[in-house]
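Colleague: Before I rely on the labels attached to this structure, I would like to hear how each of them was reached. Could we go through them one at a time?

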Amino acid sequence: MESKLNLTELLQYVDPSALSYQEWVNVGMALKHEGYTAADWDQWSQNDSRYRSGETFKKWSSFEGSSQPVTGATITQLAKENGWQPIHNEDDDMILGWNDSFTATAVDKSYRLVNTDWVLGQEVHEPKHWEPSKQIIDYLEAVFDPGDVIGYVNDGFPVKRPDGTEKWLPKSAGVYTKTSGEIIDNLRRCNGDIGAVIGDPNPNSGAWVRINPLDGEGIKNTNVTDFRYSLVESDSMSIDQQNEILRELELPIVALTYSGEKSLHAIVKIDAVNYPQYQERVDYLYKIVESNGLKVDKQNKNPSRLSRLPGFIRGEKKQFLVATNIGKGSWEEWQEYIEDMNDNLPDPESLSDLFEQDIVLAPELINGMLRQGHKMLIAGPSKAGKSFALIQLAIAIAEGRQWFGFDCIQGKVLYVNLELDEKSAKKRFIDIYDKQAHGHDHVNNIDIWNLRGKTSPMDKLAPKLIRRAQKQNYIAVIIDPIYKVLTGDENSAHEMANFTNQFDKIATELGCAVIYCHHHSKGSQGGKSSIDRSSGSGVFARDPDAILDLIELPVTEDRYMQLENEAICQTFNEAIKTYNPTYDDVGLDDQFSKKQMQHHLMSAIRSQDILKQVEIERQDAVRAARQATAWRIEGTLREFPKFDPVNAWFRYPVHVLDETLQDIKLEEDPKENWKKGVQKSNESRSEKAAKELEEAFNILSEDGSPIEVNQVADYLEIARNTVYTRTKKHNGFKIDDGMLTKVRNE
């Protein structure tokens, strides 16, 4: 038997009455070949008016096998032709049938609108005056257009249920060549004589009607001309309870019919443009209904399915119309209602007891900077060592050390590596550990997820990350770099809000901090505030709870000479300790003098070979000093007061704090200086506004291409309408379809 597909479930999509005799036999042979029983074939075959008791078992015994057997693929193909569609699950490489998409997993609690424990039921009333013809007319007018060709069956045959009760099934394919309008007109002309119009009904079986219009050529799904409706039927609770739930769900029901037995039949508006969309919407519909307590009969998924037609007697009960056109007016309106009702937003809460209980804030992951469960952005230009700073942070959290002078709480951290190959990433961790020289006792607190060459957009990556990290108790997730998973235009506030929302999902679902880095815009950053430094939309500045900016400091030759001197002194001092540890003539002041350390080196070490090696190390140290860059780290914090700027050298592969850099002044952006000059001038307000508009365009549009009006408004911190007003007064610009364009003079 196939392990991934249940063939008896697939047969729910196949109507035996629509098959030829050979197709019916092939189904039996396929079931036997795949290890099913004759009872499985017999139970499905009972849905055919041609069914004869005992025939299936007799035929079953004649299936002796073949060198070219009929396999389960035959049933799979029939199911596909009648609406079933396999769905591939990329996470476990299993093939799930359309029917399995919501039965193989637990009910989605987030879509529960009805508390079934409190459903008492809304009573269904039988019509006071029984007018069968009017019942049919009202139903057809509600469901079909006059020109729609419909299919109906008004006779059936009995079969025994496993519990011994009798069930009546459609006896034949019925009639499928008449239009709804034709039947309605004839019923009115014949004064309600149903038999004269559609034939004398069988009072034992009642009557059926197909839920969607047909082409007049047959009754299969391929004969459906408009995928307009789906049938929702359930007998898992009382009629009154079904009625209440169907109404509470606000389903867009065009007709609700009592079947004359255990269920209501709801004809629900689907209005799909094609068969794939029909499948998708029915799948969604059934998921919502099942999430709210009604166990749906999934055999009704087919668009050519039969439903009970009101106006007929079924045994001792009537099939009657309960209601028409209830719930939402369309599928789109209903789906929007469902999604709005399940937005996962918390309910408002009263502050009446605000002062009666202590508020326990999330622990500080980085003391005075970032709390666990919050988000932090590290922004800086290229070659600022942002990735190295993030690895230093991962190590600081894992080992419970300081990072840029701030204490970090110890715990597990996940480093999502999107850029480096696996070995290079591990080597970088080793280099930083070795350079810091504090040991690696808790390196097991660091997990690295290497995704170079395997990345996907952030909205696809986030749920996968959450799923893998859910039981790992990470207190921080570091994503480096985000440009690898960026979705949309980084200058679009709307698209970047959607992008950064994924970080919220990770932080909320895992209860951990999310830390990532982004690049600065071009130009000098000294004269800008932190919210203006990150490239792209202002969302990058407004979204994080903490922003750390790395701003490069202008370093003079004197400072490089000083750094070079320190590097040489340190190299000589380490050589003396290594090769002559008993030498103790080096004083504290001597350790900062290149000349004195040279003297001590020559006194402590006599071997020329060792001195040659030390000379090579000295040259390497000088080269590294010359390659070092100086940085100022400033912070914009939501939860904590602003901290004093921190200064550091980036001396590959680590950032090293250096308080002596604090006296360096940042270079100001020439554009900012120009703006200050404008503000101090005596120009009129309109002239100033025009220049600001031009400045914004020149900064935001590096190549002179059109930019969004919203970008200009965000940059100038003015209203969108103000940009339009200023543009009208400035002949050099125009706005078309929300885009600001510079007018070029021919």
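Modeller: What follows takes several labels in turn and sets each value against its cut-off, bearing in mind throughout that this is a predicted model.

Colleague: How do you know whether phenylalanine 227 and tyrosine 278 are buried or exposed?

Modeller: The relative accessible area is 13% for phenylalanine 227 and 0% for tyrosine 278; because buried means under 20%, phenylalanine 227 is buried, and tyrosine 278 is buried as well.

Colleague: Why is the pair of phenylalanine 406 and phenylalanine 643 called edge-to-face?

Modeller: The planes of phenylalanine 406 and phenylalanine 643 are at 65°, with the ring centres 5.0 Å apart, and since planes over 60 degrees apart count as edge-to-face, that is the label the pair receives. Phenylalanine 406 lies in strand 18 (residues 406-407) and phenylalanine 643 in the loop between strand 24 (629-637) and strand 25 (646-651), so the pair ties together parts that are 237 residues apart in sequence. With relative accessibility of 14%, phenylalanine 406 counts as buried, and phenylalanine 643, at 11%, counts as buried too.

Colleague: What makes lysine 328 a charge over the ring of tyrosine 337?

Modeller: The charged end of lysine 328 sits over that ring, 4.6 Å from the centre of the ring of tyrosine 337, and the distance part of the criterion asks for a value within 6 Å. Lysine 318 likewise lies over the face of tryptophan 130, at 5.5 Å from the ring centre.

Colleague: How does the span of helix 7 compare with what is expected?

Modeller: Helix 7 (residues 132-143), which has 12 residues, reaches 17 Å from its first C-alpha to its last, close to the expected 16 Å. Its buried residues include Ile136, Tyr139 and Leu140.

Colleague: What is noted about the phi of alanine 437, and why is alanine 437 called exposed?

Modeller: Phi of alanine 437 is near 55°, a positive value in a residue other than glycine, and alanine 437 is found in the loop between helix 14 (422-436) and strand 20 (446-450). Its relative accessible area is 60%, and because exposed means over 50%, alanine 437 is exposed.

Colleague: Why does aspartate 737 count as exposed?

Modeller: Aspartate 737 has 81% relative accessibility, and the cut-off for exposed is over 50%, so aspartate 737 counts as exposed. This aspartate 737 lies in the loop between strand 28 (733-736) and strand 29 (739-742), and its phi is also near 55°.

Colleague: Which residues does a cis peptide bond join, with omega of about -10°?

Modeller: That bond joins aspartate 480 and proline 481, and proline 481 is found in the loop between strand 21 (474-480) and helix 16 (493-510).

Note on methods:
Residues are numbered from 1 along each chain as its sequence is written. This is a predicted model: local features need pLDDT of at least 70, side-chain atom pairs count only at pLDDT 80 or more; totals for chains, interfaces and linings use all residues. Side-chain values use heavy atoms; hydrogens and water are left out. Buried means under 20% relative accessible area, exposed over 50%, partly exposed in between (1.4 Å probe, protein chains only). Rings of Phe, Tyr and Trp (its six-membered ring) pair if their centres lie within 6.5 Å; planes under 30 degrees apart count as stacked, over 60 as edge-to-face and the rest as tilted. Helices (H or I, at least four residues) and strands (E, at least two) are DSSP runs, numbered from the N terminus. A charge sits over a ring if NZ of Lys or CZ of Arg is within 6 Å of the ring centre and within 35 degrees of the ring normal. The expected span of a helix is 1.5 Å times one less than its number of residues.
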